[in-house]
Amino acid sequence: MSPAILLLLALGLGLAGWLAARARAWSFRRAKPGIKLAALPSYHAWYVALWIAVPVLLFVSLWTVISPGLITQSVLADAAASNLPSFGFQRQMILNEARNVATGAAPAVFNPDAAALVDPYRAAIARYQWIGLAVTLAIAFMTGVWAFLRLKPDFTARTRVERAVMGILLAASLIAILTTLGIVVSLVVETIRFFGMVSPLDFLFGTHWGPDPMANPEVPDGSRYGAIPLFWGTIFIGAIIAMIVAIPLGLMSAIYLTQYATPRLRAWLKPALEILAGVPTVVYGYFAALTVAPAIRDLGFSLGMSNPSSESALAAGLVMGVMIIPFVSSMADDSIAAVPQAMRDGSLAMGATTNETIRRVLVPAALPGIVAGVMLAISRAIGETMIVVMAASTAANLSANPLEAMTTVTVQIVAMLTGEGSFDHPATLSAFALGFVLFLVTLGLNFIALRVVKRYREAYD
Amino acid sequence: MVTVVHPNLEDTDAKMQARDVSVYYGDKKAIDEVSIDIPTKYVTAFIGPSGCGKSTFLRTLNRMNDTIPSARVEGLIELDGADIYRSGMDVVQLRARVGMVFQKPNPFPKSIYENIAYGPRIHGLAEGKDELDAIVEKSLQRAGLWQEVKDRLQDSGTALSGGQQQRLCIARAIAVDPEVILMDEPCSALDPIATAKIEELIDELNGSYAIVIVTHSMQQAARVSQRTAFFHLGKMVEYGRTSDIFTTPLEKRTQDYITGRYG
Amino acid sequence: MVTVVHPNLEDTDAKMQARDVSVYYGDKKAIDEVSIDIPTKYVTAFIGPSGCGKSTFLRTLNRMNDTIPSARVEGLIELDGADIYRSGMDVVQLRARVGMVFQKPNPFPKSIYENIAYGPRIHGLAEGKDELDAIVEKSLQRAGLWQEVKDRLQDSGTALSGGQQQRLCIARAIAVDPEVILMDEPCSALDPIATAKIEELIDELNGSYAIVIVTHSMQQAARVSQRTAFFHLGKMVEYGRTSDIFTTPLEKRTQDYITGRYG
Amino acid sequence: ACGGNGGDGGGSRDSIRAVGSSTVFPFAKAVSESFVRSNPDFKSPIIESIGSGAGISEFCKGLGPNTPDIANASRRMKASEFATCGSNGVTDIIEIQVGLDGIALASAQGGITMNLTPEIVYKALAAKPFGKEQTTKTWSDVDPSLPNKPILVYGPPSTSGTRDALKELVLEAGCKTNADMKALKDSNEDEFKTLCTEVRSDGLYVDQGEQDNLIVQKIESNPNAVGIFGYSYLEENADKVQGLNMNGVAPTYDNIASFAYPGARPLYIYVKKAHLNAIPGLKEFLAEWSNVWSKDGPLAKLGLVASPDDVMAANAKAVTEFTTLDGAQLK
Amino acid sequence: MTDAAEPTRTPTRTAAFEKRLQQRYAAEKRFKALGLGAVLFSVGVLLFLLVTMTINGIGGFQRTELTVPIDFSQSGIAADPVMMEQAGAANSLKAQGLPAVVEFYAVKALGEAGAEELSATAWRDVADAVIADPQTLSSEVTFNLPASADLAAGYSGEGSPELQALAADLADKGVLEKNFDTGFLQRADATDPQAAGIWGALKGSILTMIVTLLLAFPIGVLAALYLEEYAPKNRWTDVIEVSINNLAAVPSIIFGLLGLAVFLWIFPSYRSAPLIGGMTLALMTMPVIVISGRNAIKAVPPSIRDGALAIGASPVQVVFHHVLPLALPGILTGTIIGMARALGETAPLLMIGMRAFVATPPDGFTSPATVLPVQIFLWSDEIDRGFVERTSAAIIVLLLFLLVMNGLAIYLRNKFEKKW
Ligand SMILES: Nc1ncnc2c1ncn2[C@@H]1O[C@H](COP(=O)(O)OP(=O)(O)OP(=O)(O)O)[C@@H](O)[C@H]1O
Ligand SMILES: Nc1ncnc2c1ncn2[C@@H]1O[C@H](COP(=O)(O)OP(=O)(O)OP(=O)(O)O)[C@@H](O)[C@H]1O
Ligand SMILES: [Mg+2]
Ligand SMILES: [Mg+2]
Ligand SMILES: O=P([O-])([O-])[O-]
């Protein structure tokens with residue numbers, strides 16, 4: 001029986017329990033008019049419904065896992081299965097095909113061997129369907145009756161149901177921890193494997209990056225895994241070039257929007273900035289690769305360079321900077337808004353002009369928040385992938401010339417992992433080590449930044 | 001005119017003159033046709049129950065309510081005979097001439113020195129470091145703060161106590177050499193000892209500047225001011241010598257307020 | 001015990017009894033060993049200067065301060081002789097029996113009907129729509145709001161005027177048929193006319209419910225209550241018949257407060 | 001990575017998966033499209049371009065739904081790879097040569113033109129030409145007759161068959177022009193391989209990932225750059241890029257078909273026989289290849305050079321009879 | 001504010017002060033202009049981007065087609081309606097020589113050279129038309145068939161001079177033109193830009209987003225409720241809070257690594273499937289929903305909670321009857337923004353294989369698929385001029401979706417802002 005049907009069954013049984021329990025609770029009332037139930041009838045109903053639905057759901061999930069195996073076993077026991085090929089995968093495929101036909105998932109068999117198995121499959125499926133159904137009903141009945149018998153006028157059903165609800169809420173918030181753990185574990189495990197092949201010193205301090213995915217994984221060459229050029233490229237593009245664009249423009253935008261723009265103008269310009277923030281990075285990447293990079297190359301020629309790169313760090317950095325503008329602007333906006341009005345009034349009352357007030361009072365006062373915002377922006381920029389994948393290079397250069405090609409950590413992660421990740425080669429695993437470094441760095445930046453912002457906001461409250 | 005002006009109020013030089021001033025926040029009238037002369041040589045106190053418009057009116061005097069988009073001023077306000085709301089009026093200059101001290105001390109999050117030096121610097125009042133140092137010292141001295149802070153001018157202004165902060169704000173206002181100083185409940189965030197210091201300071205400054213002080217404490221008004229205006233529901237109800245207002249109020253509302261019947 | 005209880009206070013049925021109740025916010029003691037009987041048939045007023053702990057004490061009576069994580073209650077509070085802080089006490093039941101009306105009217109942003117019907121619904125007080133309709137009508141009538149809103153029960157509760165909203169909140173509290181009604185400055189956000197209506201309402205409800213009202217207006221306390229407790233700095237200073245407290249206060253602090261010396 | 005058929009994780013798969021060469025990729029895509037339109041009952045094959053080497057290594061991981069059915073390769077499978085396959089249970093492999101391709105060296109239309117030889121290419125690209133330090137920066141450093149333009153070559157990464165072909169057909173050939181190196185081949189094969197096939201890593205040779213398209217884009221925008229990619233891309237983009245002569249021979253269809261151009265090489269697909277019955281449509285997919293690979297077929301339009309007639313006939317047979325590959329034939 | 005240059009200003013201070021004042025006002029003006037410049041630059045980039053994409057993209061919604069009249073009554077091809085219902089219909093038509101018929105009429109209408117440049121799969125369009133309506137076989141019908149990519153390029157003024165000339169020639173004859181390509185929104189990826197469509201990727205995106213929404217929304221809302229309303233203040237809840245705040249800032253590619261290392265390890269056979277993509281993006285979106293959800297919940301005034309508690313509602317009832325309904329608009333706004341971000345996300349999906357070439361739209365959550373942004377990425381690598389236009393067209397489709405989503409979020413926010 002398909003899980004969907006069992007699911008519906010569970011819900012149906014739950015509903016039945018719900019209705020029965022509610023009727024029961026009402027009957028207490030009718031039996032003794034004026035009696036005050038400890039909980040509303042609907043809570044009695046939910047109590048019983050949960051007691052039915054949860055065990056049934058547990059059983060159903062268990063059953064969907066084990067019943068295919070049971071079915072297959074009983075089919076294999078059938079005479080028609082005796083001449084199946086011995087090779088596991090092919091046999092599995094034939095069985096699957098037969099099962100698909102038997103369950104109606106496929107119209108007909110491709111493989112004649114499978115045809116003979118369709119009927120045994122049908123029989124087995126039907127048999128186990130009945131078994132599953134019977135067990136489901138039995139469970140529902142037992143738990144349902146047990147819960148039902150506990151209903152009394154003074155039964156505190158609400159507290160119990162609410163406890164279940166709280167459990168669900170708690171479980172939902174634990175997913176966040178699980179995710180973080182999942183990230184850390186998946187990164188750490190593979191990173192440790194990588195460092196088993198390549199020394200962390202080579203990785204962190206080497207200056208030559210050129211993993212060879214075809215090299216023999218048994219004899220990894222540590223000298224090919226020096227990640228310094230990647231770190232440099234990442235910092236150069238994300239933390240230097242992009243920030244040179246994003247910080248002044250973002251800050252000035254925030255200042256203009258909060259201090260100068262009329263409400264009408266702001267009503268138009270702010271959403272425009274928000275849209276800029278909502279443009280997917282792949283579009284920026286396309287824009288960088290198609291429009292900005294060639295323009296920068298032409299610029300390189302006009303500067304007399306003999307051979308400017310068409311995937312210069314500058315192109316990726318500039319576009320990334322534009323992408324970050326709205327982010328910096330909104331962070332700066334928040335920080336400036338957090339400076340008490342009294343500061344602004346104090347300065348204006350001294351006869352300062354608006355820009356003097358902004359430059360000498362508001363911005364210095366908001367500085368911790370702005371710096372934290374910039375840190376978040378940097379963490380965003382160095383983790384950004386698509387722009388650099390599309391517009392930066394894969395060549396690991398250690399250079400300070402923005403017109404040269406450079407690569408970044410994220411570009412290399414994508415390069416090493418697109419396609420088949422075979423988890424036993426240092427080239428593939430290096431992506432996880434890079435990811436781990438990236439994770440740690442962005443985590444550090446975020447952590448500090450969030451702390452600063454929080455402490456600093458509290459200071460003015 | 002709705003205001004009762006005490007008859008035995010002698011004529012003095014008026015530093016500022018308000019004539020039929022009304023202030024609106026959007027559609028709401030917060031000040032209703034107030035006319036008053038701010039004398040050059042005295043301390044004028046604005047008193048009245050909360051929300052009666054004291055702060056609002058005070059802020060019209062140096063156009064600080066320009067910063068509130070919804071605020072709108074009608075009527076005439078003159079400083080030395082020149083309309084401060086005329087088009088072409090230079091607000092920056094106006095505010096340099098009409099200083100302001102706020103209810104909650106609001107030193108800039110900079111050093112004490114920088115707090116004072118800020119005004120002279122933006123207005124270019126000092127040439128060179130020495131002059132600036134001199135201005136800072138003089139202002140702090142006038143504000144009675146010099147002795148307390150002279151050894152720690154580089155400490156942050158926010159590190160001072162509340163009373164010291166407020167005196168710092170007064171020193172800051174003095175530093176740009178204003179002609180009028182407006183104070184909006186300058187002591188309401190302070191303890192009695194700090195309050196006493198500020199009152200002392202106001203006494204000292206009296207005569208050098210035209211001073212307007214908003215206060216919710218009648219005792220304070222009685223102590224520091226020579227003129228008192230009583231506001232009620234956006235109107236100026238009564239105006240006169242402080243001693244007259246407190247001893248022989250002419251209006252029932254004033255009397256009720258002074259005797260604590262409402263507020 | 002620190003409280004002075006007026007000697008000629010006759011014994012009445014006590015609906016609630018507090019014995020040596022102290023309340024802490026973290027380390028700070030906000031209520032200090034207060035003992036009081038809340039009579040079944042009268043209106044009891046809590047008066048005292050701001051911050052003296054009136055609201056805090058009121059909220060201990062229906063355990064609304066459970067919602068403040070730092071709050072901690074010591075001592076004994078009984079409702080009909082049963083400790084309301086005992087473990088196993090069902091707070092939900094307690095609050096259904098001890099209703100509360102807040103300083104600022106806080107109707108739910110739902111229809112007027114739903115505002116009233118919410119309580120009976122979650123407590124299962126009505127079977128079917130008819131009964132519920134009846135409860136809603138009765139509650140609104142008791143709160144003196146029926147005439148004004150009967151034609152627009154589906155309008156939002158927030159669309160009413162402040163005074164109507166407050167009466168709606170009282171109706172909402174009545175709808176779950178409580179035994180005690182606690183009111184924390186129910187009129188402080190209202191104009192005099194709305195205040196008068198609420199006071200009238202309290203008069204009408206008096207006798208059917210044990211009512212406790214916190215107020216900062218001595219006039220109001222005098223008008224609506226039969227018992228008054230005066231709080232000061234977390235202590236209950238004096239307790240007695242309202243008429244006695246206002247005419248012959250036994251404690252100096254009470255007298256000072258009543259004559260407007262502080263507060 | 002997960003073993004066996006236990007539970008749902010092993011699951012089944014009902015669409016064909018082919019991974020590997022970026023050179024074969026456009027042809028495989030076209031065949032897949034054609035296959036889907038002719039056989040709407042089957043699901044669309046999933047084709048990924050990850051390079052011949054990576055494709056074969058993935059292919060050889062084992063049998064089952066989690067491994068690909070087909071490896072596309074722009075070079076022949078190596079004996080070592082065949083052995084790995086065998087040790088993982090992938091023993092019956094059908095090898096199908098689907099056509100020919102040449103590695104073309106090309107520049108933008110109107111860009112740099114040179115008459116190259118394997119020796120020049122070797123000297124310009126080797127990490128250590130003839131065991132000496134790589135010092136060349138411009139083409140004229142390599143050979144004075146060449147233009148004085150900086151060396152900038154976009155080429156295939158080490159996972160690709162094109163790179164292998166570059167090594168074998170061009171670099172090694174160029175390397176062997178030196179007698180010492182030729183001698184080295186017999187004395188120390190490993191050393192020879194390193195010196196002759198290792199590509200410089202100082203940024204003048206840019207390894208462009210598995211995207212021959214990108215290489216075309218890059219050289220199109222840079223008249224001084226040289227790209228190395230499959231002939232099919234040259235043919236596809238004839239309006240944008242021009243082939244560079246090698247030994248005086250231009251990379252054209254005919255020169256490749258006749259093996260006159262030094263970079264000519266066959267393209268293959270490798271199929272797991274064990275999957276033939278298991279994956280619906282796999283047989284039909286192979287048949288589709290043979291339907292379209294002829295000289296005037298749709299693949300030719302995409303730049304595939306058809307195999308010589310005899311080879312084509314033999315492979316057409318392999319497609320219908322599923323003859324398996326004999327490891328002994330491989331190098 | 002007053003104008004500095006106004007001459008009526010009476011000098012009241014020293015001349016130096018006056019002069020300085022002029023400079024200060026000039027500085028003020030410059031500063032303001034700088035600020036406006038910064039905003040206008042950003043808006044300008046946005047407009048430039050949108051305009052470029054639109055100009056390029058218009059072509060992407062079109063297809064270069066050749067007009068070929070075919071007289072089936074002469075063709076000898078037969079089709080009985082029953083057979084046409086079946087799957088192999090196209091093959092049967094092929095076997096009956098339909099491609100040859102098409103070619104014959106193409107040569108007739110376009111000449112040898114022109115017929116060469118009919119797309120290799122053009123006959124399939126004819127077959128589709130015949131299958132849709134077998135009656136066509138008895139009449140003469142004029143088809144607009146796709147031209148080859150080369151001829152399309154030639155028509156756009158690119159490619160070899162010969163083809164450009166041929167295209168001009170055919171266009172003069174009125175048999176070559178660009179038409180709106182309805183198929184673009186119905187087909188999946190293809191090698192030939194003339195045959196490529198966006199529906200496969202769009203459907204992949206939709207399926208992926210469904211999974212993301214179904215996972216991230218309930219989990220995010222429940223977690224937000226727990227943290228904001230019930231969580232005791234202790235180390236555990238601190239850990240949860242810190243993890244959520246940090247997750248919101250973790251680079252998306254790291255989520256891709258997680259998906260690759262965890263989800264694909266558990267479900268290896270669902271590589272490239274929307275199910276895995278949706279799960280990965282859900283983890284990324286959940287923190288966004290939690291954070292915006294918490295803010296929305298925080299904005300519900302405590303007086304509402306007090307009111308409900310005071311008539312005896314339990315904490316769970318307070319939340320589900322009052323807080324949640326009131327916070328819902330805010331939560332939805334956050335959800336839409338989070339979903340919009342997920343919809344535009346590319347990098348994590350590259351990690352889990354959603355970049356394979358699949359020629360048909362996915363037919364379920366577990367069948368291999370690609371998504372819009374990945375499709376854009378893949379097409380952007382194609383050199384063919386046709387793909388440049390298709391890429392821009394795909395970007396327009398994606399941006400339209402995002403604009404609608406963001407617009408909806410802004411609308412919701414404005415509509416429900418400050419209700420209290
Ligand atoms: N920014 C504003 N927007 C709208 N109304 C305002 C604003 N500021 C003040 N008001 C209103 O204007 C009236 C006068 O306010 P104002 O602050 O001047 O009173 P006040 O006498 O200073 O009171 P307080 O003693 O409490 O400071 C009040 O009703 C107040 O609500
Ligand atoms: N949530 C809280 N946390 C900490 N301290 C509190 C809290 N609520 C009240 N307090 C403190 O407890 C003391 C008593 O406060 P309470 O609100 O009970 O006074 P009150 O008599 O109701 O004053 P008011 O007339 O202003 O309402 C005050 O000092 C107050 O600051
Ligand atoms: Mg004020
Ligand atoms: Mg209170
Ligand atoms: O991708 P390749 O064809 O070069 O292996």
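Student: Which elements of chain C each supply at least two residues of the shell around ligand 2?

Tutor: Start with the terms: a residue is near a molecule or strand if one of its heavy atoms lies within 4 Å of it, while helices (H or I, at least four residues) and strands (E, at least two) are DSSP runs, numbered from the N terminus. Here, strand E3 (28-39) and helix H1 (54-60) of chain C each give at least two shell residues. H1(C) has the largest share, with three residues.

Student: Before we go on, what kind of model am I looking at?

Tutor: It is a predicted model, where local features need pLDDT of at least 70 and side-chain atom pairs count only at pLDDT 80 or more, while totals for chains, interfaces and linings use all residues. Residues are numbered from 1 along each chain as its sequence is written, chains are lettered from A and ligands numbered from 1 in the order in which they are written, and side-chain values use heavy atoms, with hydrogens and water left out.

Student: Back to the site, then. Which residues are around ligand 2, and how do they split by class?

Tutor: Among them are Tyr25(C), Lys28(C), Gly53(C), Lys54(C), Thr56(C) and Glu185(C). For classes, Ala, Val, Leu, Ile, Met, Phe, Trp, Tyr, Cys and Pro count as nonpolar, Asp, Glu, Lys and Arg as charged, and the others, Gly among them, as polar. That gives four nonpolar, five polar and three charged residues around ligand 2.

Student: What are the distances from oxygen atoms of ligand 2 to Gly53(C), Lys54(C) and Thr56(C)?

Tutor: We look for polar contacts (a pair of N or O atoms within 3.5 Å; within protein, one must be able to donate a hydrogen and the other to accept it, and residues adjacent in sequence count only if both atoms are side-chain atoms). A polar backbone atom of Gly53(C) sits 3.0 Å from a ligand 2 oxygen. For side-chain N or O atoms, the distance to an oxygen of ligand 2 is 2.9 Å at Lys54(C) and 2.4 Å at Thr56(C). As for cover, ligand 2 taken alone exposes 640 Å², and the protein buries 64% of that; accessible areas come from the Shrake-Rupley method with a 1.4 Å probe, and for residues only the protein chains shown count as cover.

Student: And ligand 5: which residues come nearest, and which classes make up its shell?

Tutor: The shell has no nonpolar, nine polar and one charged residue. Side-chain polar atoms lie 2.2 Å from a ligand oxygen at Ser21(D), 2.4 Å at Ser52(D) and 2.3 Å at Thr162(D). Ligand 5 exposes 200 Å² when taken alone, and the protein buries 100% of that.

Student: How many disulfides are there over all chains?

Tutor: A disulfide is a covalent bond between the sulfur atoms of two cysteines. The rule here is a pair of cysteine sulfur atoms within 2.5 Å, and the count over all chains is two. One joins Cys60(D) to Cys85(D), S to S 1.9 Å. Its S-S torsion is about -75°, so the bond is left-handed. Cys60(D) lies in the loop between helix H3 (52-59) and strand E3 (70-73) of chain D and Cys85(D) in helix H4 (residues 79-87), so the pair ties together parts 25 residues apart in sequence.

Student: What about the link of Cys175(D) and Cys196(D)?

Tutor: There the S to S distance is 1.8 Å, and with -55° about the S-S bond this link is left-handed. Cys175(D) belongs to helix H7 (residues 161-175) of chain D and Cys196(D) to helix H9 (residues 189-197), so parts 21 residues apart in sequence are tied together. In sequence order, the bonded cysteines of chain D pair 1-2, 3-4.

Student: Is Cys175(D) buried or exposed?

Tutor: Buried means under 20% relative accessible area, exposed over 50%, partly exposed in between (1.4 Å probe, protein chains only). Cys175(D) has 0% relative accessibility, so it counts as buried. Cys196(D) is buried too, at 0%.
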